[in-house]
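Welcome, and thanks for taking a look at this protein. Please have the sequence and the model open side by side as you read.

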Amino acid sequence: MEWSVGKSVPRKETWEKVTGTTKYMDDISRPGLLHAQIAVSPHAHATIKSIDTSGAWKIPGVRAVITGEYYPILTGSPLADRPPIAIGKVRYYGEPVALVVADQEYNAEMAALQIKAEYELLPVVRSPSEAYQQEAPLVHEHLAAYKRHEEVYPEPGTNIANRTKIRKGNMEEGWNHSDHIIEVRVALPQSDHAAMELRCSIAEILPDGQVNIHSASQSPFVIRRAISQSFHIPLHKVIVHTPLVGGSFGGKAAIQLEFLAFLASRAVDGRAVKLVNSRELDMISSPVHIGLDARIKLGCNREGRLTAAEILHLFDGGAYSDRGAIMSRAGATDCTGPYRIDNVRCDSLCMYTNHPYSTSFRGFGHPELTFAMERAMDLLADQVNMDPLEFRFHNAIGPGDTTPTQTLLDRSNVGDLPMCIAKLKTLIHWDDRPRKEIEGHLIKANGVCCFWKNSNTPTDAGAGAVIVFNPDGSVNLLCGAVEIGQGTRTALTQILAERLRMDDRMVHISTGVNTETDPDHWKTVASRSTFLVGNAILEAADDAIEQLKNTASIVLECSPAELDVGEGKVYFKNRSEIGIQIEKIANGYRFPNGNTIGGQVIGRGSYAMRNLTLLDPETGKGNTGPEWTVGAQAVEVELNTRDYSYKIVKAAAVIDAGKVINPKLARGQITGGMSIGLSFASREAFLFDPNGAIINPQLRTYKLIRYGEQPEYRVDFVETPHREAPYGLRGIGEHGLIGMPAALASSLSTAAGVALYQLPLTPESIWRTVHDSV
């Protein structure tokens, strides 16, 4: 019997959200709270000659004005290359050059506008391909001196912040066995995370040295560590609070405003200071979604079996490396997509450019690598004259195959891609209709793709969980997973309710995270929270069950081994009608004579990644994550050949979820991801002028997919259990997004009759491709 897992139970925070009582970061206020605002660079690359702050001091209510020299440090992980406030030179349009603290938000804004800086312009690096050229201007002249916190391989004297190499098999042999060889080049621009909630942080330094940070973040425990290390504060003196977060999509995993808020508080004797981005600053000054220029050379034999792949990824890391360096590594480890290829050579580079710096975005490099690989797959299928879905089925990776990093796959860690493809075929009626239907000037067409994603976490990523029993038999669950709209904290209560075999309404969980009271959790990224925290919860539940059995065994005068727990009681395994209610022993048991045994039941558990390894720097050999989530996706479009406008009619996804914990939440997750993928594939991109300034830094000019433009979504699941995960689940948080750009490009390429290799797929770009190819 399933108690909770596999059921669509309501989300724990639903009531607060629908009644409008939810408190987000910017809702937090209190008497005496000061406000900060940043002044930013109007240039993408320039030396700072001087900064005049005198105008800012003339604005009433200004308490402090600081520049990069106030506390000259370098922050960042894996490479410490970024000052919180620019020192010496600016490297992107929108980089903070000064910070103002004032009594009111409008005072701080006015003062920030009065800061005058004098610059000497430097040559601008406009793309990762340009950055890769030997004669390109250097964005970082002192790359060799930067401290490295993780495995990262910068190349001093170049714009390469990190290079990951994959060397598998024998390339000469691979090309010799290739009867068909194609080459493609693709380009995906940087874009915005566009979360509804703007980034926001409050910092306060108490007289005893304790630092309190409140932040809209996916990484409260990383903030704690970063503040401690950067400012030499004992770790136990830093406490981070994260309330419910209003969307993020990876953008709030980075640590940026927290450093600035801390410096602002430090400049006003530790008083509480709030820093919140405007929409424009959120788009240009805070980190963005990574871009990619890629080259793929792909070969197969006459039967359509893939034989060799040579791949170059140039990721647009922007002005600072941040998570871009790790995303470029993820772009290498899964570079082939979910296909068996025995001979692979890949160089995946994180390039410095004079663009805003990049950080995690839903899919973590995989939407980009998938777009590149799937465009090549479509072209090769065409050359071999095979149905594109059949070609993918023919080459689908599976048990017994190895990944680009030479990890051996089995049914547990890779799931069942052929089944996903077969289900997708049925879901979209692929065999029942032509791929292209022409009705006058309207053309309907379908496109498909496959994808996979490994989590690419640190080898020691982990989480803890504590469950506390209340006198009425209900439990409180404490954990560090952040609720960013994905429903994780609800799914975690379901996992606990399942193991304790109790009503999930008896499991309570707060909406926020407090690093002082909640057990450590790596961070809420990489679709890992339900896996990491879920495993910790199972361990904590087993710990609590053991305590309950021990107390009950004394009361019932039997061995703990004879007992079981469920339905709110501890009972005999072979005579379930005999037992004792949990509420009678949850806080210890009191005998009629007053004698008491036991005490409050508090279960504790923790879990860390197992059997993962670092990559060999020369070959890329290693194990980067416990499992892959695989899937197949499709898009149907209707293209108007008069003006090349188009309508996205349907979008479909079939994903191997291992085990679906909450069907409605899972479908919502996948559908939301698909919507984001279609939005950035069809219209989203930062537009830069020749000097590197963003010319569409607001939602009036930066277009998102709108309510009436959403297609019909079809979502289905395959369930191949992952042995190491709670109830066999696999991560699905990012996966709805990953293949959407590739599937959209596939359908539009079929409709337009030309291969499309650049995002975003706007009517203008399709028109240009059609007419340039004539």
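What you see is a predicted model, in which local features need pLDDT of at least 70 and side-chain atom pairs count only at pLDDT 80 or more, while totals for chains, interfaces and linings use all residues. Residues are numbered from 1 along each chain as its sequence is written, and side-chain values use heavy atoms, with hydrogens and water left out.

**The whole protein**

The protein has 19 helices and 34 strands; these are DSSP runs numbered from the N terminus, with helices being H or I of at least four residues and strands E of at least two. Its radius of gyration is 27 Å, close to the 28 Å that the globule rule gives for 774 residues, so the protein is as compact as a globular protein of that length. Here the radius is taken over C-alpha atoms, and the rule is 2.2 Å times the number of residues to the power 0.38. Along the principal axes, the C-alpha trace spans about 95 × 75 × 50 Å. Of the 774 residues, 61% count as buried (under 20% relative accessible area, with exposed over 50% and partly exposed in between, using a 1.4 Å probe and protein chains only). Among contacts (heavy atoms within 4.5 Å) with a separation of 6 or more, 79% join residues 24 or more positions apart.

**Two helix pairs**

Axes are lines fitted to C-alpha atoms, for helices over the stretch in contact, and angles run from 0 to 180 degrees between N-to-C directions.

| Pair | Angle | Axis distance |
|---|---|---|
| α14 (488–500) and α15 (529–556) | about 30° | 9 Å |
| α6 (220–231) and α7 (257–267) | roughly 50° | within 10 Å |

That makes α6 oblique to α7, whereas α14 and α15 are roughly parallel to each other. Angles under 35 degrees count as roughly parallel, over 145 as roughly antiparallel, 65 to 115 as roughly perpendicular and the rest as oblique.

In the α14 and α15 pair, residues in contact include Leu492, Ile495 and Leu496 of α14 and Val533, Ile537 and Ala541 of α15. For the other pair, Ile223, Ala226, Ile227, Ser230 and Phe231 of α6 touch Glu258, Phe259, Phe262 and Leu263 of α7.

**Asparagine 170**

Asparagine 170 sits in the loop between β9 (160–168) and α5 (171–176). Its relative accessibility is 38%, so asparagine 170 counts as partly exposed. From serine 8, asparagine 170 is 162 residues away in sequence and 49 Å away in space, C-alpha to C-alpha.
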